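This briefing accompanies the structure displayed below. Please keep the display in view while reading the points that follow.

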Amino acid sequence: MSFYWGECRSAGGTVPDQWVEQIAPHHVAMRGTTGKPVRCIALHGEVGCGTHCSMYEQRSSTCREFTASWEDGRHNPHCDAARAAYGLPPLTPQHFG
């Protein structure tokens with residue numbers, strides 16, 4: 001998940017520069033998200049058991065805009081794909097009901 005480099009601290013944004021890598025002239029990505037297995041440097045904990053973002057308040061717009069399936073009443077196939085990559089089943093509306 002890439003985002004505009006202007007969201008980095010050195011450009012006046014909130015995302016720590018040392019946690020990103022440049023992937024295009026004007027875009028960066030969080031370290032750990034450009035290869036396999038995908039694991040963002042800011043993700044702490046064990047996937048499937050309990051995780052949290054260690055820079056939640058400083059996260060990029062890409063992360064701010066990503067919602068879990070059914071969190072806002074809509075299905076998100078990207079959420080399903082991310083969960084499947086870790087062997088987790090898709091969320092259902094009942095998770096938020």
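**Arg 59 and the wider structure**

Leaving aside its neighbours within four places in sequence, Arg 59 is in contact with Thr 14, Val 15 and Arg 64. The model described here is predicted. In this model, Arg 59 sits in the loop between β5 (50-53) and α1 (61-65).

- Arg 59 is buried yet has no salt bridge. The nearest side chain of opposite charge belongs to Glu 57, which is 5.2 Å away. A salt bridge requires a side-chain nitrogen of Lys or Arg within 4 Å of a carboxyl oxygen of Asp or Glu.
- Tyr 56 meets Arg 59 in two ways: the side chain of Arg 59 reaches the backbone oxygen of Tyr 56 at 2.6 Å, and Arg 59 also lies over the face of Tyr 56, at 3.7 Å from the ring centre.

**The salt bridge**

- Side chains of opposite charge can pair when their charged atoms come close.
- How many salt bridges does the structure hold? The structure holds 1 salt bridge.
- Arg 74 forms a salt bridge with Asp 72, and the closest N and O atoms are 2.9 Å apart.
- Arg 74 has a relative accessible area of 58%, so this residue is exposed. Asp 72 has a relative accessible area of 37%, so this residue is partly exposed.

**The aromatic pair**

- A search of the whole structure finds 1 aromatic pair. The ring centres of Tyr 4 and Trp 5 are 5.6 Å apart and the ring planes stand at 50°, so the pair is tilted.
- Tyr 4 counts as partly exposed because its relative accessibility is 44%. Trp 5 also counts as partly exposed, at 35% relative accessibility.

**The loop between α1 and α2**

- Ala 68 is found in the loop between α1 and α2. Not counting residues up to four places away in sequence, Ala 68 touches Arg 74, Cys 79, Leu 91 and Phe 96.
- Ala 68 and Ala 82 are 14 residues apart in sequence, and their C-alpha atoms are 10.0 Å apart in space.
- Trp 70 is found in the loop between α1 and α2. Phi of Trp 70 is near 75°, which is a positive value in a residue other than glycine.
- Trp 70 has a relative accessible area of 25%, so this residue is partly exposed.

- At the start of helix α2 (residues 77-85), a side-chain oxygen of Asn 76 comes to within 2.9 Å of the backbone nitrogen of His 78.
- Which form does the peptide bond from Lys 36 to Pro 37 take, cis or trans? This peptide bond is cis, with omega near -5°. Pro 37 lies in the loop between β3 (27-30) and β4 (43-46).

**Overall organisation**

- The protein contains 2 helices and 5 strands. Along the sequence, these elements follow the pattern β-β-β-β-β-α-α.
- Taken along the principal axes, the C-alpha atoms of the protein fill a box of roughly 40 × 25 × 20 Å.
- Of the 97 residues in the protein, 20% are buried.
- Among the contacts in the protein with a separation of 6 or more, 30% are between residues 24 or more positions apart.

Technical notes:
Residues numbered from 1 in each chain as written. Predicted model: local features only at pLDDT ≥ 70, side-chain atom pairs only at ≥ 80, totals over all residues. Heavy atoms only, no water. Helix = DSSP H or I, 4+ residues; strand = E, 2+ residues; numbered from the N terminus. Buried < 20%, exposed > 50% of the residue type's maximum accessible area, 1.4 Å probe, protein only. Lys, Arg positive; Asp, Glu negative; His and termini not counted. Polar contact = N/O pair within 3.5 Å; in protein donor to acceptor, adjacent residues only side chain to side chain. Contact = heavy atoms within 4.5 Å. Phe/Tyr/Trp six-rings, centres within 6.5 Å; stacked < 30°, edge-to-face > 60°. Lys NZ or Arg CZ within 6 Å of the ring centre and 35° of its normal.
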